[in-house]
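Visitor: I'd like to walk through this structure with you, rings to begin with. Can you keep it plain?

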Amino acid sequence: MENLVRNVILDHMFDNDLISDCQYGFLPGRSCTTHLLEVLDKWTEFLDKGGAVDVIYLDLAKAFDSVPHNRLLAKLQSHGVNGSLLRWIKSFLLGRQQRVMIAGIGSKWAPVLSGVPQGSVLGPALFICYINDMPNTVFSFIYMYADDTKVSREVCSSEDCKALQSDVNHIQTWSDTWQLKFNSSKCKVMHIGHANTHAKYFMKHNGSEMVLESASEEKDLGVWIDEKLKFTNHVGHVMAKSNQILGLIKRSFVYRDTEVIKKLFTTLVRPHVEYANTVWHPRFKKDVEHIEKVQRRATRLVCTIRDMPYHKRLQVLDLPSYTIDTEET
């Protein structure tokens with residue numbers, strides 16, 4: 001039922017060109033990968049001209065739990081959602097209660113006064129409709145994946161920095177109006193480009209202005225992006241996570257034949273290695289070799305073939321290599 005309602009709402013939003021082009025979350029034809037490709041294409045366009053880019057990563061505090069129900073319903077109505085559908089959504093949101101259970105003992109029931117139900121099918125679509133007008137408040141480039149938001153701008157002069165700061169102020173004004181607060185202590189700024197002046201940016205925090213912390217790298221939708229856009233650090237994080245899982249497999253499974261290891265590797269390890277690889281595909285040979293080492297270690301977990309040359313192990317397991325040369329053992 002939720003799926004049917006969600007499809008009706010999204011079809012209405014798309015047919016009337018109401019969905020912001022800056023939003024990539026939970027929408028058909030858009031994903032984390034397409035989001036990151038679009039972002040990096042814009043940034044590298046500025047860098048190729050010798051410019052610099054400042055990126056401000058924004059963090060909404062408890063975003064899905066903070067959406068005011070009445071304001072959400074008002075926004076849906078302004079988008080043209082009316083009649084029985086709006087009444088159904090109102091009934092879906094209002095009248096909920098919640099409590100906490102610890103060791104079988106529950107707290108008193110408390111009314112749910114805000115937020116969209118997390119884990120539901122309809123909840124993300126309602127949230128997207130609620131923050132759909134946030135990009136209208138800025139002139140810089142803004143990209144969103146649900147509540148993950150970043151604002152960026154080419155900074156060639158102090159005027160560009162002031163314009164980016166002005167956009168941050170406008171977004172905070174929007175958040176105050178619609179009661180979605182930013183967690184200022186978790187908002188970061190990244191300075192990209194050799195010609196970057198490393199300007200300081202501010203956000204309101206407890207009635208005063210707080211300088212945003214500069215970050216040399218930031219995890220953006222699962223991909224570690226650094227200020228040089230080299231992705232070597234991301235390869236390091238991928239290797240660490242993959243080797244951790246391989247170690248867990250080695251300790252947990254005594255019987256390790258080709259079928260078991262291939263299934264475990266392709267199910268638990270390769271998704272980490274290959275996630276959004278069109279975005280961060282390594283351009284340095286050393287990074288490619290590091291990725292290959294993960295698969296090399298996985299093939300050696302099969303006791304019956306561990307002494308074979310690496311390319312033979314790949315043939316037995318029917319796995320592709322990440323590098324062209326696989327003749328080394």
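Visitor: Where do F26 and Y145 lie in the chain?

Guide: F26 is in the loop between helix 1 (2–15) and helix 2 (32–48), while Y145 is in strand 6 (residues 141–145), so the pair ties together parts 119 residues apart in sequence. Helices (H or I, at least four residues) and strands (E, at least two) are DSSP runs, numbered from the N terminus.

Visitor: Is Y145 buried or exposed?

Guide: Y145 counts as buried, at 16% relative accessibility. F26 is partly exposed, with a relative accessible area of 43%. Buried means under 20% relative accessible area, exposed over 50%, and partly exposed in between (1.4 Å probe, protein chains only).

Visitor: Before we go on, what sort of model is this?

Guide: It's a predicted model, where local features need pLDDT of at least 70 and side-chain atom pairs count only at pLDDT 80 or more, while totals for chains, interfaces and linings use all residues. Residues are numbered from 1 along each chain as its sequence is written, and side-chain values use heavy atoms, with hydrogens and water left out.

Visitor: Back to rings. How are the planes of Y130 and W178 set?

Guide: The planes of Y130 and W178 are at 85 degrees and the centres 6.0 Å apart, so this pair is edge-to-face. Y130 belongs to helix 5 (residues 123–130) and W178 to the loop between helix 6 (158–177) and strand 8 (188–192), so parts 48 residues apart in sequence are tied together by the pair. Y130 is buried at 0% relative accessibility, and W178 is partly exposed at 22%.

Visitor: What lies over the face of W178?

Guide: K75 does, at 4.0 Å from the ring centre. A charge sits over a ring if NZ of Lys or CZ of Arg is within 6 Å of the ring centre and within 35 degrees of the ring normal. R296 also lies over a ring face, that of Y310, at 4.3 Å from the ring centre.

Visitor: What does P68 touch?

Guide: Not counting residues up to four places away in sequence, P68 touches S114, Y130, W178 and Q179. So both rings of that edge-to-face pair are on the contact list of P68. Contact means heavy atoms within 4.5 Å. P68 is in the loop between strand 1 and helix 3, and is buried with a relative accessible area of 10%.

Visitor: What about H205, where does that lie?

Guide: H205 is in strand 9 (residues 202–205) and is partly exposed at 29% relative accessible area. Leaving out residues up to four places away in sequence, H205 touches S184 and M210. H205 and S184 are 21 residues apart in sequence and 6.3 Å apart in space, C-alpha to C-alpha.

Visitor: Last one, the whole chain. How many helices and strands?

Guide: The chain has 11 helices and 13 strands, and 44% of its 329 residues count as buried. Its C-alpha atoms fill a box of roughly 65 × 55 × 45 Å along the principal axes. Among contacts between residues at least 6 apart in sequence, 67% join residues at least 24 apart.

How values were computed: Rings of Phe, Tyr and Trp (its six-membered ring) pair if their centres lie within 6.5 Å; planes under 30 degrees apart count as stacked, over 60 as edge-to-face and the rest as tilted.
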